[in-house]
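This report goes through a single protein chain, from its salt bridges to its backbone geometry. Keep the structure open while reading.

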Amino acid sequence: MDDPMWSQPELPNIADIDVLFKGHAIALLSRAAQSAIAEWGGSINDITHIVAVTCTNTANPGFDITLCSTIGLRPTVHRTLLHGLGCAGGVSALRIAHDLLLGAALQGLAARALIVSCDLPTLFARAELRRIDMDQDVGFGLSRFSDGASALVLTNWIGTKVVERAPLWNLLGFRSVIINESERYSELSIGPFGFQPTLSTFIPRLVSSELFTNFMALINSIPSLRSDPIYAMPNSYNWASDFLGRSSLKFAQEVMDLKKSNLSHSCAVYKARGSTVSSAVLNILDYMRYQSANNTNRKDKVIALAIGPGVILEMAVLQMVSTESQRYSALWCE
């Protein structure tokens, strides 16, 4: 609130917001990335890939270039910058990093990927408040979204060094779907004063109608899960779900026959900080690892679920390997 943008007479335009994003995002991401690398224990020179994601900045070159030089990544690191994915960005980044590392493994190459995500929706708060004042139409975007950054390290386990720490999560499989005839329900439009979200209240019902079919398709794509009938039951997993807020989680709970305990981590994170957009699911996974360390009845498998503009549905299955050595591949969220 100390920044002059909050008190100056004129609204900050898209160029002003770009400057603000780069100033604040790089600081947040640098801390997140350095902490994730330190927790992993390996050398920054062994990072072969970076997958960066945001939906609140469209600058070229992207913020990933600045971040690479700021934290000291090699200039030959393979860079992937994602945009336009909204809240699905974090799970999408996991999927893409997984595929990149799998491709390296098929070539017999050691690969380590740094995943970073950052969104700063409060940069558009003044423009949104002005729109509300002019249109007398209050959406729920401002109350739902908050700022945040996250980082984690993934490995393909080739050429592992002694200093690299034991894993926290294994990534078992992914599913990405564009829901038919859904484009008009969710978008993030660019205007002279930044981004303006359009989110239909129909999205939870729309996505809920597609959930079970896509859940089963995801499970059936993973041999170790489809062979065990227990894993065909949605309530045999904990769910890290970015599903348009806490109230909307009820739609998922009903259609998937989930218990409150299956969604307790997601609800707790929403209550504490709202949705941090592309970092939201990563925040929930980060919260899960600490809660699971003290829970003798924890479920070792997690469904990550996120929804983005399109409407797109991103899903993943993760297996918690260890909570005792919370180091390698552990998430760090700001």
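## Salt bridges

A salt bridge is a side-chain nitrogen of Lys or Arg within 4 Å of a carboxyl oxygen of Asp or Glu. The model is a predicted one, in which local features need pLDDT of at least 70 and side-chain atom pairs count only at pLDDT 80 or more, while totals for chains, interfaces and linings use all residues. Residues are numbered from 1 along each chain as its sequence is written, and side-chain values use heavy atoms, with hydrogens and water left out.

The structure holds seven salt bridges. One of them joins the side chains of Glu314 and Arg95, at 2.8 Å from N to O. Glu314 lies in strand β10 and Arg95 in helix α3, so the pair ties together parts that are 219 residues apart in sequence. Glu314 is buried, at 1% relative accessibility. Buried means under 20% relative accessible area, exposed over 50%, and partly exposed in between (1.4 Å probe, protein chains only). Helices (H or I, at least four residues) and strands (E, at least two) are DSSP runs, numbered from the N terminus.

Asp18 and Lys22 form another salt bridge, with the closest N and O atoms 3.2 Å apart. Both residues sit in helix α1, four residues apart, about one turn of the helix. Lys22 is partly exposed, with a relative accessible area of 36%. A further bridge links the side chains of Lys301 and Asp300, at 3.4 Å from N to O. Lys301 is buried at 8% relative accessibility, whereas Asp300 is partly exposed at 29%.

## Overall build

The protein has 10 helices and 11 strands. Buried residues make up 53% of its 334 residues. A contact means heavy atoms within 4.5 Å. Among contacts with a separation of 6 or more, 79% are between residues 24 or more positions apart.

pLDDT is the predictor's confidence in each residue, from 0 to 100. Its mean over the protein is 86, and 88% of residues reach 70 or more. Over residues 325–334 pLDDT stays under 50; the model has 54 contacts beyond four places in sequence for this stretch.

## The four-stranded sheet

Four strands form an open sheet in the order β5-β10-β9-β8, with mixed pairing. β5 (169–178) and β8 (238–242) stand at the edges, each with a single partner strand, so one side of each has no neighbour in the sheet. The twist averages 15° from one strand to the next. Two strands pair if DSSP finds at least two bridges between them.

β5 and β10 (residues 312–320) run antiparallel and are joined by nine bridges. Gly173 stands opposite Val317 in β10. Helix α3 (residues 89–106) lies across β5, β9 (301–308) and β10, running at about 115° to β5. Axes are lines fitted to C-alpha atoms, for helices over the stretch in contact, and angles run from 0 to 180 degrees between N-to-C directions.

Helix α2 (residues 63–71) has Phe63, Asp64, Leu67, Cys68 and Ile71 as its buried residues. Seen down the helix axis, they fall within an arc of 140°, so they line one face of α2. The arc is that of the directions from the helix axis to the C-beta atoms. These buried residues pack against α1 (14–40), β1, β2 (78–82) and β3 (112–119). Just after α2, Gly72 takes a positive phi of about 90°.

His49 belongs to strand β1 (residues 49–53). His49 is buried, with a relative accessible area of 9%. Beyond four places in sequence, the residues that His49 touches include Val77, His78, Leu100 and Leu114.

## Backbone exceptions

A cis peptide bond joins Asn60 and Pro61, with omega about 0°. Pro61 is in the loop between β1 and α2.

Two non-glycine residues deserve a look. Trp157 has a positive phi, near 65°. It is found in the loop between β4 (148–155) and β5, and is partly exposed at 41% relative accessibility. Asp257 has a positive phi near 55°. Asp257 lies in the loop between α8 (249–255) and α9 (264–273), and is exposed, with a relative accessible area of 56%.
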